[in-house]
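Me: I'd like to go through a model and ask what some of the labels rest on. Can we start with the cavity?

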Amino acid sequence: MRPSNSLGLAEAGDETIRIADIVNLDGRVGQDIKGLRKAKDMTLGELAAATGLSQGYLSQIERGLANPSVKALYSISRALGVTISWFFPPAADDDEELRDFVVRAPSRRKLHYANGIVDELLSPNLDRQLELLWCTFPPGSRSGETPYTHVGEETGIVVSGQLDLWINERHVVLLAGDSFAFPSNTPHRYANTGDAEAVVIWAITPPSY
């Protein structure tokens, strides 16, 4: 789990979904649920326990054999650490088949955290081995005072502003154009101690959104 999640999601007004979204629910929602569940290294049984929904029902949803109700989708989204709007990204005008390969800027999935950090998913989904994020850090935002670890590797580049990065006990200040890479099982944390917003393109493998 990204440390952006440590303080939880912001209470933002992005829980609104349109009637058309519910009417047009298709098997992609199940694929998105499965991809996000696996990215969080959660079993189907664990998701069932967290949502109060049966494992069989969740399995049918993931396989596109059943559509979740709004109430069920809300429970699933909270258990997976996202808002319900995650499953209804803004539509692009392209051929629907491109959705698995291309993400138009206005169609990015976004998560707003209580610490002010905003993560935008640049990858079309979480089904592949690499996750690419556009991360925005307002001044004073931080992942937390406690370093964390997880399986995999990560790398990134600072697009604008500055990012303070701690890897083990080493502290480095990264400026626009600076890049980084490290194994994710090394204790790490980050913060924006500057006066301006920082933007970082961040790649993580395997996906752990």
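Me: What makes helix α2 stand out in the lining of the largest cavity?
Reply: Helix α2 (residues 27-39) gives the most to that lining, with four residues. Lining residues have an atom within 4 Å of a cavity point, and helices are DSSP runs (H or I) of at least four residues. This is a predicted model: local features need pLDDT of at least 70, side-chain atom pairs count only at pLDDT 80 or more, and totals for chains, interfaces and linings use all residues. Residues are numbered from 1 along each chain, and side-chain values use heavy atoms, with hydrogens and water left out.

Me: Why is it called a cavity?
Reply: Because on a 1 Å grid over the protein atoms alone, a 1.4 Å probe fits at its points but cannot get out. The volume, the space filled by probe spheres set on the points, is about 50 Å³. The structure holds one cavity of 30 Å³ or more.

Me: Which residues does Phe87 touch?
Reply: Contact means heavy atoms within 4.5 Å. Leaving out residues up to four places away in sequence, Phe87 touches Val29, Asp32, Ile33, Leu36, Leu73, Ile76, Ser77, Val82 and Arg109.

Me: How do you know that β1 and β2 pair?
Reply: Strands (E, at least two residues) pair if DSSP finds at least two bridges between them. Four bridges join β1 (residues 109-112) to β2, and the two run antiparallel, so by that cut-off they pair. His112 has Val118 as its bridge partner in β2, and Val118 has Thr136 as its partner in β3.

Definitions and conventions. On a 1 Å grid over the protein atoms alone, a cavity is a set of points where a 1.4 Å probe fits but cannot get out, and a pocket is an open set with protein on both sides within 12 Å along at least five of seven lines; lining residues have an atom within 4 Å of a point.
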